[in-house]
Amino acid sequence: MTVMEQRGAYRPTPPPAWQPRTDPAPLLPDAEPYRVLGTEAAGKADPGLLRRLYAELVRGRRYNTQATALTKQGRLAVYPSSTGQEACEIAAALVLEERDWLFPSYRDTLAVLTRGLDPVSALTLLRGDWHTGYDPREHRIAPLCTPLATQLPHAVGLAHAARLKGDDVVALAMVGDGGTSEGDFHEALNFAAVWRAPVVFLVQNNGFAISVPLDRQTAAPSLAHKAVGYGMPGRLVDGNDVAAMHEVLGEAVARAREGGGPTLVEAITYRMEAHTNADDATRYRHDDEVAAWRDHDPVLLLERELVERGLLDDDTRRRASEDAEAMAADLRERMNKDPLLDPMDLFTHVYAEQTSQLREQAAQLRAELEAAAEEAEAAESAKGETR
Amino acid sequence: MTTVAAKPATKPATMAQALGRALRDSMAEDSSVHVLGEDVGALGGVFRVTDGLTKEFGEDRCTDTPLAEAGILGTAVGMAMYGLRPVVEMQFDAFAYPAFEQLISHVARMRNRTRGAMPLPITVRVPYGGGIGGVEHHSDSSEAYYMATPGLHVVAPATVADAYGLLRASIASDDPVVFLEPKRLYWSKADWNPDAPQSVEPIGRAVVRRPGRSATLITYGPSVPVCLEAAEAARAEGWDLEVVDLRSLVPFDDETVAASVRRTGRAVVVHESSGFGGPGGEIAARVTERCFHHLEAPVLRVAGFDIPYPPPMLEKHHLPGVDRILDAVARLQWEAQS
Ligand SMILES: Cc1ncc(C[n+]2csc(CCOP(=O)(O)OP(=O)(O)O)c2C)c(N)n1
């Protein structure tokens, strides 16, 4: 009997070995970004935590404006401001325990600061005196990462290693919406899911990758939906709602710590400033779009909630703003001093032990510096004599 | 050499503008030329080189891509396979590294793999080099990696006119070209008369930028103006230096370089990428092989130190400047020394 003759009796059946590997339904993100502030859920939020978040937001906003001002004064080579995105930055830092690790990208200075790094050290890369300048192991903060998405596989590897060693350490890695297009994003998510690594991926979707809007970046229903394809849950959150961010990231961290594997969190937020001081945002976006987001400002949202519930007295407000001012004044003062740099440091940390070539080159530079110093001294004393 | 009638422009142009003009003229002349990259559309590229191209030619001809360098170059391979001439922009030198797999495994060897059946006319524009105060990953000089990969042309202009002429030739080339744009010369406004007819320079010819008799400085890209300055300064010491601008590292113009060194008998290679395993070693070896009997001293190299590119506040100590070049020139008096 031929297949054609069999036709009437033929019923398509799936290949015998096939079954879905994971039920996709629980992995799917909510249809709407999750919110707490201004909703019933806010009633359950701890007032103490809300006040703490308020103080951090006020301080974070002040840090952003101060750092931007320092760029204009030429004290920073560049500052990618996170104004408007403070809720994401602060929540990311606060949900971690001391033993956990943060993997920030170049825009995440504020997360690094909130995790406790000294405000000046947090700016080393952007100031241009050294690339990182702090010990990542001491603070459990990886270097601010400039090549996009390349820190994500590092976070997975670190979390995996911690787990192999039996430590209940979680890694939280931050990336922008544009960074999700890079191959490293895909590879990191896939490894994390297959290894069930204790990692939380936080995508700050701020609408643009420099000039390119999200609809030119992805055709996915949302970035959180990307999680499903890897077999991890995707969560969609209002990134300007600091209480919602804290709750969702906190859950993801807890899940990872308990062996539940990775989560992809997409925070819907907006970049209020240009990409950096070198960027001209008027070329690719309208002022009305920026204005619309102004009413959904993260500080404003929390402030409204606190006022509504009678949690924001003048004293709390004043203390928050005074703390922020003190931090800004200290930052200003310390950043206005030229950093003390030793050019000989160029050769110090290339290898554990200098190669003979580097020793030669170090000697060359030392001779040059000595000659320059002598010349300067001679010029100075010549000036003295003519006076 | 072919000439192309240019539309009159009102202002003297920068190198960035000359590059943009080269893209525009290539696109106008040949509808298979497509520009793609990150932020090349509305923003006009972070250095504004592609300014206005999307407006003039539409989004299909000048395309903002998703943010993925391997994807940009990989799709360019497919586009070229189907008969287009993609010109891709890598935003900064160090951000081309994710695309290395495509460049080395496919772009460089497609002609060879297909026994000549499928050449890939792709131009990869890479803003490169330091001296602009960029933070980490914004100042690499990666030419040695590209030079070490057979199948790629590697071109680096140093003047506004060459930026135009060499980019036109690169886009017209049936082979892939890595086109290195010296970032710190983007805003230089030298000897380009935008109203004059423009010349398209063939790839692979060096030029003598400054004739001289006592020694040859062999250089390219961002180090060319530095060498010219050094040559001026050396006059006071009685040195009459010739400066050869390579313009193209692959193919390498052995003739022009050897002719110069035979005339002068002494040579220094100058570039800002690291010296060890860098382009200078190859160049010095070639010069020695061809000019051994004419050399009065070994070919010397002045290069960046063998360190990861330093932070902006220290880069002045790393980049080869006039003094380091003059020191090397002084060392060329080999007999007296040894
Ligand atoms: C591999 C790589 N390619 C290109 C760049 C240049 N670049 C720096 S930031 C940026 C846009 C990133 O956008 P997004 O990921 O959305 O983060 P955001 O800046 O919005 O926080 C680009 C293209 C880079 N840093 N790394």
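B:Pro251 sits in the loop that links strand 12 (248-250) to helix 9 of chain B; helices (H or I, at least four residues) and strands (E, at least two) are DSSP runs, numbered from the N terminus. As background, most peptide bonds are trans, and most residues other than glycine have a negative phi.

A quick word on the basis: this is a predicted model, where local features need pLDDT of at least 70 and side-chain atom pairs count only at pLDDT 80 or more, while totals for chains, interfaces and linings use all residues. Residues are numbered from 1 along each chain as its sequence is written, chains are lettered from A and ligands numbered from 1 in the order in which they are written, and side-chain values use heavy atoms, with hydrogens and water left out.

Helix 9 (residues 254-264) of chain B has B:Asp254, B:Val257, B:Ala258, B:Ser260, B:Val261 and B:Thr264 buried. Here buried means under 20% relative accessible area, exposed over 50%, and partly exposed in between (1.4 Å probe, protein chains only). Look down the axis of helix 9 of chain B and the buried residues fall within an arc of 160°, so they line one face of the helix; that arc is taken from the directions from the helix axis to the C-beta atoms.

On the other side of helix 9 of chain B, B:Glu255 and B:Arg263 are exposed. The cover over the buried residues includes strand 10 (215-219), strand 11 (241-245), strand 13 (267-274) and helix 10 (279-291) of chain B. Just after helix 9 of chain B comes B:Gly265, with a positive phi of about 80°.

## The chain B sheet and its domains

Chain B has an open sheet of five strands in the order 9-11-10-13-14, with mixed pairing; two strands pair if DSSP finds at least two bridges between them. Strand 9 (207-210) and strand 14 (300-304) of chain B are at the edges with a single partner strand each, so one side of each has no neighbour in the sheet. Neighbouring strands are turned by 25° against each other on average, direction ignored. Strand 10 and strand 13 of chain B run parallel and are joined by four bridges, and B:Thr219 stands opposite B:Val270 in strand 13. Helix 12 (residues 322-331) of chain B lies across strand 10, strand 11, strand 13 and strand 14, at about 165° to strand 14. For such angles, axes are lines fitted to C-alpha atoms (for helices over the stretch in contact), and values run from 0 to 180 degrees between N-to-C directions.

Chain B is divided into domain 1 (13-192) and domain 2 (207-331), with bounds from an automatic or database domain assignment. Their centres, taken over C-alpha atoms, are 26 Å apart. Across the divide, 27 residues of domain 1 are in contact with 22 residues of domain 2, contact meaning heavy atoms within 4.5 Å.

## The chain A sheet

In chain A, five strands form an open sheet in the order 1-2-3-7-6, and the pairing is parallel. Strand 1 (101-103) and strand 6 (234-238) of chain A are the edge strands, each with a single partner, so one side of each is left without a neighbour in the sheet. The twist averages 20° from one strand to the next.

Strand 2 (residues 171-176) and strand 3 (residues 199-205) of chain A pair over six bridges in the parallel sense, and A:Ala173 has A:Phe201 in strand 3 as its bridge partner. Helix 7 (residues 151-164) of chain A lies across strand 1, strand 2 and strand 3, running at about 170° to strand 2.

## Nonpolar cores

The largest nonpolar core has 66 residues, and those with the most contacts inside it are A:Tyr63, A:Leu172, A:Leu202, A:Leu249 and A:Leu302. A core here is a set of buried Ala, Val, Leu, Ile, Met, Phe, Trp, Tyr and Cys residues joined through side-chain atoms within 4.5 Å. Helix 10 (residues 242-257) of chain A supplies the largest share of this core, nine residues. A second, separate core of 44 residues includes B:Phe100, B:Leu103, B:Val178 and B:Tyr220.

## Two positive phi values

A:Ala149, in the loop between helix 6 (136-139) and helix 7 of chain A, has phi near 70°. At 1% relative accessibility, A:Ala149 counts as buried. B:Arg115 is not a glycine either, yet has a positive phi of about 50°; B:Arg115 is exposed, with a relative accessible area of 80%.
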